[in-house]
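Q: I am new to this structure and would like to go through some of its details. Could we look at it together?

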Amino acid sequence: MPSVVQVEPLTTARALRGPFDYLRPDGVGVGSVLVVPFGHRDVVGVVTALADASEHDPIAPRRVLETRLPPDLVDLAMWIAAEYCSTPARALSLLLPPKGTRPKTALWAEPSDGDHFARLTDRQRALLSTLPRFAGPDLAALRRLEARGVVRIAPRVVRRAPLHVAVGAARDEPALTAPQAAALEAIAAAAPGDRLLLHGVTGSGKTEVYLQAAAAALAAGRGVIVLVPEIALTPQIVARFVARFGDTVAVLHSKLSAGERHDEWARLRAGEARVCVGPRSAVFAPVRDLGLIVVDEEHDSSYKHEGDPRYDARRVAERRASEAGAVLVAGSATPRPESVHALRRLRLPERVDGARLPPVEVIDMRDAGRALHPRTHEALVDARKAIVLLNRRGWSNFLTCRSCGRAWECPSCDVTLVMHRSDGLLACHHCGHRERVPTRCDACGSVSIARHGTGTERLESELDGPVFRLDADVAVPARVLAAFEAAPRGVLVGTQMVAKGHDFPDVDLGVVVDADSTLRFPDFRAEERTFALVTQLAGRAGRGAAGGRVLVQTLAPDAPSIRFAARHDADGFLAGELERRRALRYPPFSTLIRIVCSSEAPGAALAAAAAVRERLDGALGPAPLFRLRGRERAQVVVKAEDRAGAVASVGAAVEAVAADRAHRAASFSVDVDPQG
Ligand code: ADP
Ligand code: ZN
Ligand code: ZN
């Protein structure tokens with residue numbers, strides 16, 4: 001019996017080198033959560049290993065907490081810590097259920113043994129016949145029966161079940177199309193740890209394949225994880241899983257209360273729920289005997305976590321599937337070049353009803369001079385239901401003074417402020433700074449202020465008929481989607497949120513305003529993003545009998561991403577893109593690692609980045625980035641073939657520079673596989 005436990009204290013300090021040894025209390029194993037004395041205080045820690053002896057003189061933990069992580073998740077956390085240049089403590093913190101919540105209980109009444117029936121009134125007999133159940137408002141009457149020994153009352157755990165806004169009616173299991181059946185068969189025949197890419201055009205019925213693959217896994221006694229981009233934006237797929245599998249589905253996401261999340265986590269941990277649907281963090285769900293992981297809309301950028309550790313849920317899903325012997329199925333109409341390169345591809349080449357994908361017309365905006373081309377205007381008047389994508393929220397992009405040229409900028413970031421008219425505010429979309437819309441220029445006093453550009457708020461006001469707006473300023477996106485679905489006609493206008501996997505059969509027009517907004521980013525993924533956005537938006541139109549069409553407004557009608565998207569030619573796009581990346585040594589033909597140094601002290605970020613660069617052969621930079629939240633920033637980029645080696649040397653370089661007193665004013669963040 002090992003008598004020592006090795007514990008990672010959950011502190012955020014990077015310099016700490018765990019694990020630390022403690023005496024092993026009875027019943028404690030890998031994954032146990034303890035409170036341990038650490039320095040001058042008590043901290044929570046997770047047991048990562050057991051040992052027979054210690055070189056130190058271990059002391060006893062203070063307490064053993066009720067929560068216990070499955071050992072396979074502890075291993076996964078250790079892998080994430082190394083893979084993303086983070087610490088075990090930070091990785092383990094991601095995996096723990098919400099803190100400080102206890103199971104919720106209510107009073108449960110059940111008949112006690114023995115025959116007391118004779119002495120009861122009719123009303124009491126009627127009440128007794130409704131048991132066992134939670135006492136609820138009948139508690140007083142039940143207490144009287146308890147006093148006479150007829151009923152037992154005791155607390156019992158109540159499940160805090162999250163409510164789902166229903167979008168899209170529940171549908172029965174349809175007969176599969178031939179390509180769906182073939183894909184399902186390939187998934188069933190896959191070996192443990194296999195990775196498959198379900199490349200199906202928009203409306204080809206990928207969700208039905210996931211549902212039936214999940215049913216097969218459940219029938220074989222295995223559990224399932226389904227990752228979706230963002231629960232708030234993808235209520236349809238959640239609703240379809242809940243409708244098909246009922247209570248065996250647990251939904252995990254950040255909008256749940258801590259209590260709800262705790263209960264869903266506990267139901268999975270106990271094996272009561274066997275299917276978990278959720279956004280990227282659901283990849284850590286404590287699902288037992290995992291047999292299948294689905295990554296829906298695998299191209300979606302929300303799978304990358306933007307806090308330390310900067311993990312990519314798609315990569316974590318691959319690791320978890322291979323460790324668990326589960327099959328991984330990633331699905332998309334616009335798969336990433338990385339996935340096409342590495343995964344075995346299954347295809348759904350047609351829409352389920354055999355309908356053609358809608359024709360796409362590219363509109364050259366180089367001399368249009370306003371947000372909507374006259375042809376777009378006309379099409380919107382004719383359309384019954386339309387979806388309009390404009391990837392910019394707010395009223396206008398920025399304000400300038402007509403007399404002195406001053407532009408309104410964020411005091412803490414080097415960016416212009418965006419006007420939100422309904423709130424009467426200018427807002428920074430990077431740090432959240434807000435100020436009132438100015439009535440005059442505080443530099444020269446002029447009252448002549450120009451508003452430049454058009455955002456979703458302004459476009460909403462310029463469109464006729466019922467308009468539904470969907471962007472990050474909307475509180476409950478699922479409500480907007482439900483209202484648009486229920487309306488007989490209207491326009492859904494919004495940011496990339498409108499291009500997610502929504503399935504509305506009666507949309508007969510799709511419009512992309514300013515298709516090159518994503519192309520203008522200086523990033524090797526700009527083409528890929530633009531292709532995905534245009535193709536995904538086009539995929540929302542023409543799903544029903546009425547057919548449909550798509551208009552794409554652009555200043556760059558000849559960009560490959562836009563030309564291929566207009567022809568629905570994913571293969572053509574992917575072939576060209578992979579060739580380009582091979583030539584330029586971009587992922588998947590290398591690993592990129594970005595190191596961002598930041599500081600409030602002038603010049604310190606650039607100096608720290610230069611010092612990091614100095615220690616890394618062949619690194620690029622340092623390059624200054626725009627100031628963010630009052631901090632200057634500079635970055636260094638590493639492009640490497642040997643991933644593990646590069647991660648290790650970046651880790652060592654950052655650690656050395658961070659430990660150098662000359663750079664103590666700087667902070668460091670390492671991003672492996674940055675997404676732009
Ligand atoms: P995708 O995710 O590939 O864009 P969906 O899964 O949203 O497509 O499916 C599009 C529509 O087709 C949905 O309304 C779905 O219920 C329906 N559907 C899926 N499979 C079939 C089938 N075999 N027969 C008829 N309808 C189907
Ligand atoms: Zn001015
Ligand atoms: Zn700001």
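Q: Is E460 buried, partly exposed or exposed?
A: E460 is partly exposed, because its relative accessible area is 25%. Buried means under 20% relative accessible area, exposed over 50%, and partly exposed in between (1.4 Å probe, protein chains only). This is a predicted model, in which local features need pLDDT of at least 70 and side-chain atom pairs count only at pLDDT 80 or more, while totals for chains, interfaces and linings use all residues. Residues are numbered from 1 along each chain as its sequence is written, chains are lettered from A and ligands numbered from 1 in the order in which they are written, and side-chain values use heavy atoms, with hydrogens and water left out.

Q: Which residue forms a salt bridge with E460?
A: The partner of E460 is R469, with the closest N and O atoms 2.9 Å apart. A salt bridge is a side-chain nitrogen of Lys or Arg within 4 Å of a carboxyl oxygen of Asp or Glu. R469 counts as buried, at 19% relative accessibility.

Q: How many salt bridges does the structure hold?
A: There are 46 salt bridges in the structure. One of them joins the side chains of E361 and R375 (2.7 Å, N to O). E361 belongs to strand β16 and R375 to helix α11, 14 residues apart, and the pair links distant parts of the chain. Helices (H or I, at least four residues) and strands (E, at least two) are DSSP runs, numbered from the N terminus.

Q: Which residues of α11 are buried?
A: In α11, which spans residues 374-382, the buried residues are T376, A379 and L380. They line one face of the helix, because they fall within an arc of 100 degrees seen down its axis; the arc is that of the directions from the helix axis to the C-beta atoms. On the other side of α11, E378, V381 and D382 are exposed.

Q: Changing topic, what coordinates the zinc ion (ligand 2)?
A: The zinc ion (ligand 2) is coordinated by the SG atoms of C401, C404, C441 and C444, at 2.3 to 2.4 Å. Donors are N, O and S atoms within 2.8 Å of the metal (3.2 Å for Na, K and Ca); water is not among the atoms, so sites may look incomplete.

Q: Why is the arrangement tetrahedral?
A: The four donor atoms subtend angles of 102 to 114 degrees around the zinc ion (ligand 2), which makes the arrangement tetrahedral. Four donors count as tetrahedral if all angles lie between 85 and 135 degrees.

Methods. Tetrahedral: all angles 85-135°; square planar, octahedral: opposite > 155°, others 65-115°.
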